[in-house]
Amino acid sequence: MDIIGLKDKNLYFIGGIVRDELLKRESIDIDLTYNGNAVEFAHSIKNAEILQINEPFGTVKIKLNNKEIDIASTRSEIYPKKGHLPIIKKIACSLKEDVMRRDFTINALAKSTLTGEIIDYTGGLEDLKNKKIRVLHNNSFIDDPTRILRALKFSVRFGFELDEHTKKLQNEYLKNINYDISYKRLQKELKETLTSWKAFERFVNEGIYKLVSPIDFKLPKFPIKNSKNWIVYLGLLPDISNIPLTKKEKKIVEEYNNLKNIKLDSDFEIYKSLSNISKESIIMYSTINPKIVERFNQIKEIKISLNGEDLQNFGIKPSEKYQQCFDFILKRKLKNPSLSKSEEISIAKEFFEI
Ligand code: CTP
């Protein structure tokens with residue numbers, strides 16, 4: 001892992017990057033921990049460009065050999081308010097203390113930049129080998145319930161299982177959830193976890209969805225096949241009002257909820273109701289009524305050729321009658337998609353009785 005050309009006896013690769021290298025997977029972030037003051041250390045690196053410093057956290061982002069690298073000072077943390085961001089207990093603590101604040105054994109491995117030695121205080125190597133996700137202590141989910149989602153995320157991503165005790169702690173927590181939690185943090189993990197139906201299925205069947213809201217929910221009958229977008233899964237829940245959403249995400253969920261409550265009996269109704277809404281809300285609707293979505297996909301390209309200008313050319317003044325006329329033609333065209341423009345004109349004349 002000599003990807004950064006940095007060697008120091010106090011500098012370690014830490015967390016995901018070590019795990020991913022052992023799993024022979026690509027890692028997105030380069031995370032290092034410095035046993036001491038990372039900011040001072042960063043300033044001493046030749047040719048490093050300092051991009052960002054977070055003094056209170058003792059973290060620094062640098063650019064070196066065209067790579068962005070995060071270096072954190074070793075730190076220990078405590079959770080005075082369960083479910084919220086931890087606060088720092090000590091900066092420049094020992095590597096072992098730093099590792100013990102982390103979520104799972106597989107994420108608590110360090111690798112010396114100097115010798116390449118793997119430092120494993122928690123049994124992470126064994127768990128990687130046995131494909132297990134294991135918390136480091138019994139309060140892990142109580143301190144930080146977002147870890148329940150992280151466990152699911154890693155489990156789906158790597159095909160790992162939660163170890164028995166971790167599973168028991170998860171179930172205990174889910175029976176007694178503290179809803180005074182940071183929903184912003186929860187949202188971040190929801191986004192990264194709900195990226196497949198497989199993950200969503202477990203999210204629902206294992207009761208993890210209760211972190212979002214206690215209202216009972218059953219897995220819809222029809223799966224979503226091809227979406228990595230978290231909102232199409234999360235939006236299926238009956239109450240997601242706690243989760244911060246963008247305007248666009250809110251609109252998707254609203255469109256889906258509207259669609260759920262209307263009856264669509266004809267091609268015309270299907271066409272009109274599904275034409276001007278987001279593809280995401282249609283994907284969501286397919287979990288309730290895939291036949292209707294299938295029908296929509298068959299007819300959605302049908303368009304009438306006649307336009308307002310044509311009607312004006314017949315001397316018809318613009319009014320709400322225009323739309324009624326277009327709909328009148330559309331109804332016919334949905335039954336007979338091969339209608340030509342001149343046939344549409346005849347239908348328009350029939351409509352206006354001219
Ligand atoms: N961590 C934690 N508890 C959390 C979030 C993170 O203990 N709620 C720790 C883990 O040790 C993790 C490290 O912080 O390895 C970095 O977090 P993050 O970048 O989210 O995790 P990665 O393991 O790098 O995951 P990914 O591969 O998805 O980036």
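Me: Which residues lie nearest the centre of the largest pocket?
Reply: In this predicted model, D29, D31, R102, R150 and K188 lie nearest the centre of the largest pocket, and 44 residues line that pocket.

Me: Which elements give two or more residues to that lining?
Reply: They are the helices α1 (16-22), α6 (146-158) and α8 (183-193), together with the strands β2 (31-34), β3 (49-54), β4 (59-64), β5 (67-73) and β6 (75-78).

Me: And which element gives the most to the lining of the largest pocket?
Reply: That is α6, with six residues.

Me: What is the volume of the largest pocket?
Reply: The volume of the largest pocket is about 1,600 Å³.

Me: Where does the largest pocket lie?
Reply: The largest pocket lies between domain 1 (1-130) and domain 2 (131-241), because both domains give residues to its lining.

Me: Changing topic, how much space lies in the second largest pocket?
Reply: The second largest pocket holds about 430 Å³ of space. Its lining has 20 residues, and the closest to its centre are I282, I283, S286, V293 and N297.

Me: Which elements give two or more residues to that one?
Reply: For the second largest pocket they are α12 (267-275), α13 (279-285) and α14 (290-299). The most comes from α14, with five residues.

Me: Why does the second largest pocket lie between two domains?
Reply: Domain 2 (131-241) and domain 3 (252-299) both give residues to its lining, so the second largest pocket lies between them. Its lining residues divide into 10 nonpolar, six polar and four charged.

Technical notes. Residues are numbered from 1 along each chain as its sequence is written. This is a predicted model: local features need pLDDT of at least 70, side-chain atom pairs count only at pLDDT 80 or more; totals for chains, interfaces and linings use all residues. Side-chain values use heavy atoms; hydrogens and water are left out. On a 1 Å grid over the protein atoms alone, a cavity is a set of points where a 1.4 Å probe fits but cannot get out, and a pocket is an open set with protein on both sides within 12 Å along at least five of seven lines; lining residues have an atom within 4 Å of a point. Grid points are joined across faces, edges and corners, and a volume is the space filled by probe spheres set on the points. Helices (H or I, at least four residues) and strands (E, at least two) are DSSP runs, numbered from the N terminus. Domain bounds come from an automatic or database domain assignment. Ala, Val, Leu, Ile, Met, Phe, Trp, Tyr, Cys and Pro count as nonpolar, Asp, Glu, Lys and Arg as charged, and the others, Gly among them, as polar.
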